[in-house]
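Here is a short tour of a protein model, written for someone who likes to know the cut-offs behind each term. Please have a look at the sequence and the coordinates before reading on.

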Amino acid sequence: MGKLKVTTTKLQDVKIIEPAVFGDKRGFFTETYSDRDFKEAGIDFDFIQDNQSLSAEAGVLRGLHFQRGKAAQTKLIRVVTGAVLDVIVDVRAGSPTYGEWEGYIISESNHRQLLVPRGFAHGFVTLTDNVNFLYKCDNYYNAEDDGGITFMDKDLNINWPIDYDQAITSDKDAKQQTFKEFEQNNPFVYGEI
């Protein structure tokens, strides 16, 4: 039915995907995922798990998360209601964009999706109330391989649109390691994930 607009980003291997949206006075229709269309666009992953989170209010900050080793995940992210600033950090040692971050507005109105490859730390902050955040994964979640980096890391210097003390976050995310601590045992090597 519809084709995809795929845009590369400054971060190595990260893509913004915009499916065709057909609208009229009733609303809109879009194919959010078609294996055939994605493969034709050069995006060939075997997505095996779908996840959804609801953030009830603006200012919820989740992240920066990743899965280590064989549990590493490629994610295909979209927002069904509301809007987020989605932030990813390339943590693959040897990558041309290692240690760099970018933020992308993903919302119900722009219909964008973000392809986040394995070896990226991922997080987002809600810009509106009632954010339904969905993502496909090409690997199953494994609690033992769960990891993260603090969203407040001074070396990464992420430009969040919220003061740290105003962020609504989990105890786990408030206590994540720094990027320098992560680098001491970095499990990701570019080209080997």
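## Ground rules

This is a predicted model, in which local features need pLDDT of at least 70 and side-chain atom pairs count only at pLDDT 80 or more, while totals for chains, interfaces and linings use all residues. Residues are numbered from 1 along each chain as its sequence is written, and side-chain values use heavy atoms, with hydrogens and water left out.

## The nonpolar cores

A nonpolar core here is a set of buried Ala, Val, Leu, Ile, Met, Phe, Trp, Tyr and Cys residues joined through side-chain atoms within 4.5 Å. Buried means under 20% relative accessible area, exposed means over 50%, and partly exposed is in between (1.4 Å probe, protein chains only). The largest core holds 20 residues, and those with the most contacts inside it are Leu64, Val91, Ile149 and Trp160. At least two residues of this core come from each of β6 (61-67), β8 (83-90), β11 (120-126) and α3 (179-183); helices (H or I, at least four residues) and strands (E, at least two) are DSSP runs, numbered from the N terminus. As general background, nonpolar side chains in soluble globular proteins tend to be buried together.

Beyond its neighbours within four places in sequence, Ile149 is in contact (heavy atoms within 4.5 Å) with Gly63, Leu64, Phe66, Val91, Ala121, Leu156, Gln176, Gln177, Thr178, Phe179 and Phe182. For Trp160, with residues up to four places away in sequence not counted, the residues touched are Leu61, Leu64, Leu85, Val87, Gly123, Phe124, Val125 and Phe151.

## Aromatic rings

How many aromatic pairs does a search of the whole structure find? The search finds 11. Rings of Phe, Tyr and Trp (its six-membered ring) pair if their centres lie within 6.5 Å; planes under 30 degrees apart count as stacked, over 60 as edge-to-face and the rest as tilted. Tyr33 and Phe38 make a tilted pair, because their planes are at 45°, with the ring centres 4.7 Å apart. In that pair, Tyr33 is partly exposed at 26% relative accessibility, whereas Phe38 is buried at 1%. Phe124 and Phe133 are stacked, at 4.0 Å centre to centre and 15° between the planes, and both of these residues are buried.

One aromatic cluster is formed by Phe66, Tyr98, Phe179, Phe182 and Phe188.

## Backbone points to check

Most residues other than glycine have a negative phi, and most peptide bonds are trans. The peptide bond from Gly63 to Leu64 is cis, with omega near 10°, and Leu64 has its place in strand β6.

Two non-glycine residues have a positive phi. Asp13, with phi near 75°, lies in the loop between β1 (4-8) and β2 (15-19) and is partly exposed at 35% relative accessible area. Asn130, with phi of about 55°, lies in the loop between β11 and β12 (131-137) and is partly exposed at 41%.

## The largest pocketThe largest pocket has a volume of about 440 Å³. On a 1 Å grid over the protein atoms alone, a pocket is an open set of points where a 1.4 Å probe fits, with protein on both sides within 12 Å along at least five of seven lines, and lining residues have an atom within 4 Å of a point. Grid points are joined across faces, edges and corners, and a volume is the space filled by probe spheres set on the points.

Of the 25 residues that line this pocket, Arg62, His65, Lys75, Tyr135 and Lys172 are the closest to its centre. Two or more lining residues come from each of β5 (49-55), β6, β11, β12 and α2, and β6 gives the most, with six.

## A residue in strand β2

Glu18 has its place in strand β2 and is partly exposed at 21% relative accessibility. Not counting residues up to four places away in sequence, Glu18 touches Lys3, Leu4, Lys5, Thr7 and Arg112.
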